[in-house]
Amino acid sequence: MIKVSVIGAKGRMGGNVVNAVTQADDTELALALDAGDDLTQVNPDNTDVAVEFTVPSVSLDNVLALIGQGVDVVVGTTGWTDEKLDQVRAALAAAPRKDQAVFIAPNFAISAVLADYFAGLAARYFESAEVVELHHPNKVDAPSGTAIHTAHTIADARRAAGLGPMPDATETDGGSRGQVIDGVHVHAVRLRGLNAHEEVLLGNAGEQLTIRADSFDRGSFMPGVLLAVRSVSAHPGLTIGLDKFLDL
Ligand SMILES: NC(=O)c1ccc[n+]([C@@H]2O[C@H](COP(=O)([O-])OP(=O)(O)OC[C@H]3O[C@@H](n4cnc5c(N)ncnc54)[C@H](O)[C@@H]3O)[C@@H](O)[C@H]2O)c1
Ligand SMILES: O=C(O)C1=N[C@H](C(=O)O)CCC1
């Protein structure tokens, strides 16, 4: 049995992870912690893998503390920057165990992982590409971590193909053209009734390809979370993206 502690256990995602870990045959719930709880309770005696779903403002500190406690960590919280990732790598280099592992996924839903992958395959064939992400209005960050990741995926593919900037005659923009991430426009919608959705629009003269992923409920993330829990310890160091654990 894999002993799993959940950080952010009272949250929308953390609560689902508690249930998923309790119900799976090969995992058992160790500690369920939330804001105000002492993370030093989490240690290799009671925990193999800690799963962290909190808020972007606290996630880095939590992950650094968990690394220091000697456990492997699966992270779903958004808000990761290159600087924060470097701090995780440095902490892993100084970790109590030399084979310690941290896994971070912008999105654990197979539909979203594949949408990102397909966008990377398609991007080099199109003049234009934009990302629209649509989420529930309780989400605190915009654009979504998934959309930021997809924008970089598209930009990397365009660079590798030698594509230049996208056509765009816009001269005035009060914000309507969205946030530009790595040269890709990203638009965020917050709407009651939605959960987590992403559309990648790719255009050429006279044609369009749309790649869309919809997570209608948070259960859609749980197979990916469990896959990460089962896989993380075999991948020492920092790994980013569920595609690394899939045979794509
Ligand atoms: N990777 C994915 O597939 C995926 C899917 C859904 C959501 N998310 C991300 O996961 C994060 C959480 O989303 P949510 O909808 O569950 O949010 P939420 O607000 O429902 O839950 C966050 C929880 O974290 C707790 N928390 C706050 N500070 C804490 C601290 N210092 N220590 C421990 N717990 C603390 C809160 O009390 C709350 O219970 C967000 O960043 C969201 O974007 C990722
Ligand atoms: O509901 C959220 O919040 C989600 N956050 C992640 C993101 O920002 O990409 C994943 C999708 C759901």
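Pro-143 sits in the loop that joins β6 (128–135) to α5 (145–160), where helices (H or I, at least four residues) and strands (E, at least two) are DSSP runs numbered from the N terminus. The peptide bond leading from Ala-142 into Pro-143 is cis, with omega near -5°. Another loop, the one between β7 (179–181) and β8 (184–190), holds Asp-182, whose phi is near 55°, a positive value in a residue other than glycine. As background to both features, most residues other than glycine have a negative phi, and most peptide bonds are trans.

The model is a predicted one, in which local features need pLDDT of at least 70 and side-chain atom pairs count only at pLDDT 80 or more, while totals for chains, interfaces and linings use all residues. Residues are numbered from 1 along each chain as its sequence is written, chains are lettered from A and ligands numbered from 1 in the order in which they are written, and side-chain values use heavy atoms, with hydrogens and water left out.

Helix α5 also packs against helix α4 (residues 110–122), at an angle of about 20° and with the two axes 8 Å apart; such axes are lines fitted to C-alpha atoms, for helices over the stretch in contact, and angles run from 0 to 180 degrees between N-to-C directions. That angle makes α4 roughly parallel to α5, since angles under 35 degrees count as roughly parallel, over 145 as roughly antiparallel, 65 to 115 as roughly perpendicular and the rest as oblique. Where the two helices are in contact (heavy atoms within 4.5 Å), Ala-112, Asp-116, Ala-119 and Gly-120 of α4 meet residues of α5 that include Thr-146, His-149 and Ile-154. The contact of α4 with α5 divides into 4 nonpolar, 5 polar and 1 charged residues, with Ala, Val, Leu, Ile, Met, Phe, Trp, Tyr, Cys and Pro counted as nonpolar, Asp, Glu, Lys and Arg as charged, and the others, Gly among them, as polar.

Helix α2 (residues 56–68) and helix α3 (residues 82–93) pack at an angle of about 10°, their axes being 9 Å apart, and they are therefore roughly parallel to each other. On the α2 side the residues are Pro-56, Leu-60, Val-63, Leu-64 and Ile-67, and they meet Lys-84, Gln-87, Val-88, Ala-91 and Leu-92 in α3. By class, this contact of α2 with α3 has 8 nonpolar, 1 polar and 1 charged residues.

Helix α1 (residues 12–23) packs against helix α6 (residues 222–231) at an angle of about 65°, with the axes 10 Å apart, which makes α1 roughly perpendicular to α6. The contact is formed by Met-13, Asn-16, Val-17, Ala-20 and Val-21 of α1 together with Met-222, Val-225 and Leu-226 of α6. In the contact of α1 with α6 there are 7 nonpolar residues, 1 polar residue and no charged residues.

The residues around ligand 2 include Thr-78, Lys-139, Asp-141 and Phe-221. A polar side-chain atom of Thr-146 lies 2.5 Å from an oxygen atom of ligand 2, and an N or O atom in the side chain of His-136 is 2.8 Å from an oxygen atom of ligand 2.

Notes:
A residue is near a molecule or strand if one of its heavy atoms lies within 4 Å of it. A polar contact is a pair of N or O atoms within 3.5 Å; within protein, one must be able to donate a hydrogen and the other to accept it, and residues adjacent in sequence count only if both atoms are side-chain atoms.
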